[in-house]
Amino acid sequence: MSRGSGGGYDRHITIFSPEGRLFQVEYAFKAVKASGITSIGVRGKDSVCVVTQKKVPDKLLDQTSVTHLFPITKFLGLLATGMTADARTLVQQARNEAAEFRFRYGYEMPVDVLARWIADKSQVYTQHAYMRPLGVVAMILGIDDENGPRLFKCDPAGHFFGHKATSAGLKEQEAINFLEKKMKNDPAFSYDETVQTAISALQSVLQEDFKPNEIEVGVVRTDSPAFRVLSTEEIDEHLTAISERD
Amino acid sequence: MGDSQYSFSLTTFSPSGKLVQIEHALTAVGSGQTSLGIKAANGVVIATEKKLPSILVDEASVQKIQVLTPNIGVVYSGMGPDSRVLVRKSRKQAEQYHRLYKESIPVTQLVRETAAVMQEFTQSGAGRPMLGWLQTILDFNVKLKKTKLRALGNMSHKKTLLGVRPFGVSLLVAGFDDNGPQLYQVDPSGSYFSWKASAMGKNVSNAKTFLEKRYTDDMELDDAVHTAILTLKEGYMHLKLLFF
């Protein structure tokens, strides 16, 4: 029996295909899109904001339990786009890792260190056959002591980059095109501009106006570095400001 | 653990005697961004394309060329995440050498140890009959529930790795030690060679032809840097000509 092409198993586990591709990793990316949610993150001059859709499929569901925004430590937030179960595993491990870091080294885990840790873990799943890659794209946000506000995105392939603005999920490409135009001249957004750019990007790409309970917004600011999820009243204020502006 | 289900090698010989997973890994490298290295009389230069997927990416957060020790650096072509594993492993090996011998690790030794790690991942697992394969895939869904997550960082154990694929990167290691400037290329198979100048990734044949023409044994480092940049630009230009 020839194992020439991996015997067809290159689609089932993470071994190379004849073209040098990892099908399982590519399928993991598709799983992220299959969740039907789009998320956006924007970094401003002294703040970072992430926004995601909050789709509650059933009116009987407890709305407060449906969330994709997770605090990892007091100062680090994680927005998970994709399979919620995989997201919760990742969040649990990240929280553990961040807590151990604080204990071991005596200072808070920086944003890029957490992003790198998540990406390295994802890489292991792409190289070892016994675990599949997670179907989650994670956006990490926080204020770095030395470099200010930072936004990182980690994907199932194990890549991670810092971003000025980015998107993940179903309408990822459309959102990135929109954001590229907005961020072309390296604008230094204030806190309000950052939040409103993120929300209006989502509205534009999905072509709908949101009600305050249909989106989730998380922020960190240099003058209040704790990761915070905005309340519906605050979201409403921003939505009003956006519609008045237009 | 789900490992026992993969206690056979994913990299096995084909009837024609080839290790196809390694060949596929090389294909993955060949579709990566171009990188190259040139050994000069008084130093070594390594360079790479740094094309980011969008202008929104913070380019300061991306570093493709990495330091392994104060006098050894490395660049890769292929899968970025895989290269991070090797960089981390190599740095640790260099440090362990220093702890033992109170001297910086020679370039050849670091290259050899890094190559050994890459080779390990091509010879994973004990032998098991082919039939076991099918059983494994069928059991996959069931075992998934019982599989525990394993922490990263166990690669220093002597036990053979189970169910892994080769690394999808080739590395160019540039260093300067008592033997002078050195440049090594390490492939996914774990084989390594010393080069006067080499290139990897896309456009490798054009780049190598260009380097062959331009290389001289007595090049100064500044010339080498200049040539490296020209070679990368050449690859760019060539691509543009292909489309227009």
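Trainee: What share of the 244 residues in chain B is buried?

Mentor: Keep in mind that this is a predicted model. A residue counts as buried when its relative accessible area is under 20%. In chain B, buried residues make up 50% of the 244 residues. The accessible surface of that chain comes to about 12700 Å², and 56% of this area belongs to carbon and sulfur atoms.

Trainee: How many helices and strands does chain B have?

Mentor: Chain B has six helices and eight strands. Read from the N terminus, its elements run α-β-β-β-β-α-α-α-β-β-β-β-α-α.

Trainee: Among contacts in chain B with a separation of 6 or more, what percentage joins residues 24 or more positions apart?

Mentor: Here a contact is a pair with heavy atoms within 4.5 Å. Of the contacts in chain B with a separation of 6 or more, 69% are between residues 24 or more positions apart.

Trainee: Let me try a single residue. Is A:T126 buried or exposed?

Mentor: A:T126 counts as buried because its relative accessibility is 2%, and the cut-off for buried is under 20%. Its place is in helix α3 of chain A, which covers residues 111-127.

Trainee: Which residues is A:T126 in contact with, leaving aside its neighbours within four places in sequence?

Mentor: In chain A, the contacts of A:T126 are A:T14, A:L22, A:V25, A:P156 and A:A157. In chain B, they are B:D82 and B:R165.

Trainee: Now for charges. How many salt bridges are found over all chains?

Mentor: To spot one, look for a side-chain nitrogen of Lys or Arg within 4 Å of a carboxyl oxygen of Asp or Glu. A search of the whole structure finds 18 of them over all chains. One joins the side chains of A:R21 and A:E26, at 2.8 Å from N to O. A:R21 is partly exposed, at 36% relative accessible area, and A:E26 is also partly exposed, at 28%.

Trainee: What is the distance between the closest N and O atoms of A:R102 and A:E108?

Mentor: Those atoms are 3.6 Å apart, and the two residues form a salt bridge. A:R102 is partly exposed at 39% relative accessibility, and A:E108 is partly exposed at 34%.

Trainee: Which residue meets A:K153 in a salt bridge, at 3.6 Å from N to O?

Mentor: The partner of A:K153 is A:E172. A:K153 lies in strand β6 (residues 148-154) and A:E172 in helix α4 (residues 172-182), both of chain A, so the pair ties together parts that are 19 residues apart in sequence. A:K153 is buried, with a relative accessible area of 13%, whereas A:E172 counts as partly exposed at 22%. Together with A:K33, these two residues are linked in a network of salt bridges.

Trainee: Which residues gather in a patch of negative charge on the surface?

Mentor: For a patch like this, look at residues with over 30% relative accessible area and no salt bridge. The negative patch here gathers A:D192, A:E193, A:E233, A:D236 and A:E237. Helices α5 (191-206) and α6 (232-245) of chain A each give two or more residues to the patch.

Trainee: Which element gives the largest share of the negative patch?

Mentor: That is α6(A), with three residues. As for A:D192, its place is in helix α5 of chain A, and A:D192 counts as partly exposed at 40% relative accessibility.

Terms used. Residues numbered from 1 in each chain as written. Chains lettered and ligands numbered in written order. Predicted model: local features only at pLDDT ≥ 70, side-chain atom pairs only at ≥ 80, totals over all residues. Heavy atoms only, no water. Patch = residues over 30% accessible without salt bridge, like charges linked within 9 Å, V, L, I, M, F, W, Y side chains within 5 Å. Areas by Shrake-Rupley, 256 points an atom, 1.4 Å probe, with all protein chains shown as cover. Lys, Arg positive; Asp, Glu negative; His and termini not counted. Charge placed at Lys NZ, Arg CZ, Asp CG, Glu CD. Helix = DSSP H or I, 4+ residues; strand = E, 2+ residues; numbered from the N terminus. Buried < 20%, exposed > 50% of the residue type's maximum accessible area, 1.4 Å probe, protein only.
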